[in-house]
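Hello,

Here is the structure we discussed. My notes on it follow below.

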Amino acid sequence: MILRMRRYYHYILSSSSFGSALALTMGANVFLASLSLISGTLAARLLGPIGRGELAAIQTIPMLLAMLSTLGVPDALVYYSAREPDKALRWLSSAVCIASLGCLPFVIIGYFLLPLALEAQRSVIIQAAQVYLLWLPISAVFGFTIHPLRGRNELLVWNVLRIVPPLTWIGVLVFHTASSQRDPVGLSQDFLIWYSITGVLTAGFVAIRMRGGWRPSTERMRSLLRFGLPNMLGTLPAVINLRLDQILIAGFLGPKLLGLYVASLAWSNAVVPLVNAIAAVLLPRAAGASSEKRGAVIAQGTWLGLALSVVLAGIAAVLSPVIIPLLFGDAFKPAIPTAIILCLASGVSAFNQVLTAAIQSLERPQYLFIAEGVGVIVTLLLLWLLLPAFQLIGAAITSLLGYMVVSLLLGVFIGRETGPSLLFSNREISALINRFRERIFAQSDDSK
């Protein structure tokens, strides 16, 4: 048994095929999705709808600002680590310098923005959200450390380290549950402390593993920004689009409705990690491919992402009436209709991540900006029309329609760049299925 496990471990490390990398990342994402459901269940049962809504109010805007403050550097870090794997540590140190400096203006903006954006929340929740702005410098220093591993195609180590933050969050939730501490403020602050501790350990491990020079350079910082800033501008509307509904609910509808909505998202987001595995593998694969082969790599990832998104979103939507009360308790039953719609929206959103990875590999960030910008306009308009009258259902419908608009535009732009490569004939689809079947049977024979 141990011998077989070692053979499988070395097979994963040495394999460079798209299918093997995708299978590994997808397996990790299944585990991450399970951890996300566990943490969502623990938080909902510990705090109830009102407390869960207050926790979301504390975390949502600081986490949004943290994503914006990265300036697009994480994807640039993956890109350049894939092109120069022996210099990945130098790229990482340069990226951390950018993020550490770039987060400071966002902390200041957030401090003064939060009292206005969270007007419907208690003052103690607003103050806790201001403290949670410490998430920005903490994630700037420690959140980047695993990205070079993905660029270097060390996907096994990258996937293992991705599990550390959600495990840390679950550990904090378990401690608060065991000690009957039902305070969302204390919960958020304890997580900041423990995330910092695990971040130090992860950063040290990555630095030792990659070795080599680590000194940052202004030249590399400029290169990271040249790649990252246009991509950030392209994905900026997408980042806002993902959080806009929660921000408006937190500001206008109060903590209980926000708690129900967040519980719906916790279940519906189970669709996303599986499909995001394709996006995670697609970007470095397509970026490292020759211009002649890039279109075929994008086509393979895009069609696989579409099929998986449709199947998983449909299954999650059908299971929602059973899963929501089972996981979160009877107090969250009013969230079921919202959860059904959000499952479909999450499927479209996850597929958009695959399309985004394809656009990034083509180095066309302007397409992302156009598509996601139109999506934000549609989202704002629909929220203005639907949120006051239909509340959570209106927010869910808005998300679904906004993501669909973005998906349509991104698909058109990718087709313009790749041309016929994006389309598969029946013969090519059959060939792909046969190759996949042969690989499965070959691995099965080797394990005997």
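**Helix α8**

Helix α8 (residues 155-162) is largely enclosed by the rest of the structure, because seven of its eight residues are buried (under 20% relative accessible area with a 1.4 Å probe, protein chains only; exposed is over 50% and partly exposed is in between). Its buried residues are L155, L156, V157, W158, N159, L161 and R162. Helices here are DSSP runs of H or I with at least four residues, numbered from the N terminus.

This is a predicted model, in which local features need pLDDT of at least 70 and side-chain atom pairs count only at pLDDT 80 or more, while totals for chains, interfaces and linings use all residues. Residues are numbered from 1 along each chain as its sequence is written, and side-chain values use heavy atoms, with hydrogens and water left out.

**Helices α6 and α10**

Helix α6 (residues 135-142) packs against helix α10 (residues 184-210) at an angle of about 15°, and their axes are 9 Å apart. The two are therefore roughly parallel (angles under 35 degrees). On the α6 side the contact (heavy atoms within 4.5 Å) is made by W135, I138, S139 and F142. On the α10 side, F191, L192, Y195, S196, G199, V200 and A203 take part. By class, the contact has eight nonpolar, three polar and no charged residues, with Gly counted as polar.

**S223**

S223 is part of helix α11 (residues 218-252). S223 counts as buried because its relative accessibility is 10%. Leaving out residues up to four places away in sequence, S223 touches Y80 and W91.

Regards

Key
Axes fitted to C-alpha atoms, helices over the stretch in contact; angles between N-to-C directions. Parallel < 35°, antiparallel > 145°, perpendicular 65-115°, else oblique.
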